[in-house]
Amino acid sequence: MSSTNSILLTNPTLASNIDIDNVTHFLLELDALKRVNRRSYVTATTRLENSAEHSWHLAMACWSIAELFELDVNHEKLLKLALVHDLGEIDAGDTFLYADTRSDAHLEERAGIARLQAERGNGIKDLNKIWEEQETGSSKETQLLKVVDRLLPFLLNLNTNGKTWTDSNVTRSQVAGAHAFIKDSFPSIYDWQVRQIEFATAQGWLIDA
C-alpha cells in the first residue's frame with residue numbers, strides 16, 4: 001500500500017513534497033538535548049540528570065499539578081512551554097542556578113532557539129514564540145512553569161542528601177532567594193519549601209548563611 005493512502009495522511013500532495021531526510025535531520029538536532037548534563041543528580045543513582053530528562057519531568061509535573069489543583073490553565077500551551085523550555089541549552093549548555101553568569105544565559109539560549117527555528121525539517125512554526133513566552137511571559141501557564149521548574153531540582157536535592165548543594169557550597173539564603181517568588185505564585189508549595197529549607201540546613205546540606 002502506498003504511504004499516501006495512510007489513514008494518518010489527509011494531504012497526500014503535501015506529504016509527497018516533504019523530504020523525510022529533512023524531517024529526521026531536525027529530530028536528531030532535538031536529540032542533542034540528551035547530551036546536556038544538568039547539576040542535579042537523578043535519585044537512586046550517582047549520575048547527573050540531563051536536560052531532556054528534566055524537560056520530560058517538567059512537562060509531566062506541570063500537567064499533574066495543573067489537574068490536581070484544578071488550575072485554570074491551557075494544558076496544551078503549558079505542555080508546549082515545558083517541552084521547549086530548555087531547548088536553547090543544546091547550543092548554550094546548562095547554566096547552574098547559582099552561577100554568576102546566570103543572568104546572561106538567556107542570550108545564548110535565544111540564539112540557539114533561533115538556529116533551531118531555521119533548521120531544515122522543523123515543523124514547529126512558532127518555536128521562537130513559544131520559547132519567548134516561557135522566558136519572558138507572564139501568563140498563568142508561564143507562572144506555573146517557573147514554579148515547577150524551581151521545584152523539581154529542589155526536590156532532587158532533598159532526595160539525594162543535598163548533593164548538588166554540598167558540591168557547590170550553596171547557602172540557605174541563596175536557595176531561599178531563588179524560590180522567594182513562589183510565595184505569590186503558589187503559596188502552598190512555597191510554605192512547604194520553607195520547611196524543607198530549614199530541614200536541609202539542619203542536615204548540613206545547605207550552609208547556614
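Visitor: How do I read a relative accessible area?

Guide: Buried means under 20% relative accessible area, exposed means over 50%, and partly exposed is in between. Keep in mind that this is a predicted model. Take Glu53: its relative accessibility is 25%, so Glu53 counts as partly exposed.

Visitor: Which residue forms a salt bridge with Glu53?

Guide: Arg47 does. The closest N and O atoms of the pair are 2.7 Å apart. Arg47 has a relative accessible area of 40%, so Arg47 is partly exposed too.

Visitor: How many salt bridges does a search of the whole structure find?

Guide: The search finds 16. The criterion is a side-chain nitrogen of Lys or Arg within 4 Å of a carboxyl oxygen of Asp or Glu.

Visitor: Which side chains does Lys77 meet in salt bridges?

Guide: Start with Glu133. The N to O distance is 3.6 Å. Lys77 sits in helix α4, residues 75-84, and Glu133 in helix α7, residues 127-136, so this pair ties together parts 56 residues apart in sequence. The side chain of Glu141 also meets Lys77, at 3.7 Å from N to O. That pair links distant parts of the chain as well: Lys77 in α4 and Glu141 in helix α8 are 64 residues apart.

Visitor: Are Lys77 and Glu141 buried or partly exposed?

Guide: Lys77 has a relative accessible area of 30%, so Lys77 is partly exposed. Glu141 has 7%, so Glu141 is buried.

Visitor: Which residues do salt bridges with shared partners join into one network?

Guide: Glu29, Asp91, Arg115 and Glu119 are joined in this way.

Visitor: Now helix packing. What describes two packed helices?

Guide: Two values do: the angle between the axes and the distance between the axes.

Visitor: Which residues of α4 and α7 meet?

Guide: From α4 come Lys77, Lys80, Leu81 and Val84. From α7 come Leu127, Ile130, Trp131, Glu133 and Gln134. By class, this contact has 5 nonpolar, 1 polar and 3 charged residues.

Visitor: At what angle do α8 and α12 pack?

Guide: About 30 degrees, with the axes 12 Å apart. Helix α8 covers residues 140-158, and helix α12 covers residues 187-203. Angles under 35 degrees count as roughly parallel, so α8 is roughly parallel to α12.

Visitor: Is that crossing left-handed or right-handed?

Guide: The crossing of α8 and α12 is left-handed. On the α8 side, the contact is made by Val147, Arg150, Leu151, Phe154, Leu155 and Leu158. On the α12 side, Ile189, Trp192, Gln193, Gln196, Ile197 and Ala200 take part. The contact residues divide into 9 nonpolar, 2 polar and 1 charged.

Visitor: Which residues is Arg172 in contact with, leaving aside its neighbours within four places in sequence?

Guide: They are Ile197, Glu198, Thr201, Leu206, Ile207, Asp208 and Ala209. Ile197 also takes part in the contact of α8 with α12.

Visitor: How many residues separate Arg172 and Trp205 in sequence, and what is their distance in space?

Guide: They are 33 residues apart in sequence. From C-alpha to C-alpha, they are 9.0 Å apart.

Conventions. Residues numbered from 1 in each chain as written. Predicted model: local features only at pLDDT ≥ 70, side-chain atom pairs only at ≥ 80, totals over all residues. Heavy atoms only, no water. Axes fitted to C-alpha atoms, helices over the stretch in contact; angles between N-to-C directions. Helix = DSSP H or I, 4+ residues; strand = E, 2+ residues; numbered from the N terminus. Parallel < 35°, antiparallel > 145°, perpendicular 65-115°, else oblique. Left-handed = near helix turned anticlockwise from the far one by under 90°. Contact = heavy atoms within 4.5 Å. Nonpolar A, V, L, I, M, F, W, Y, C, P; charged D, E, K, R; others polar. Buried < 20%, exposed > 50% of the residue type's maximum accessible area, 1.4 Å probe, protein only.
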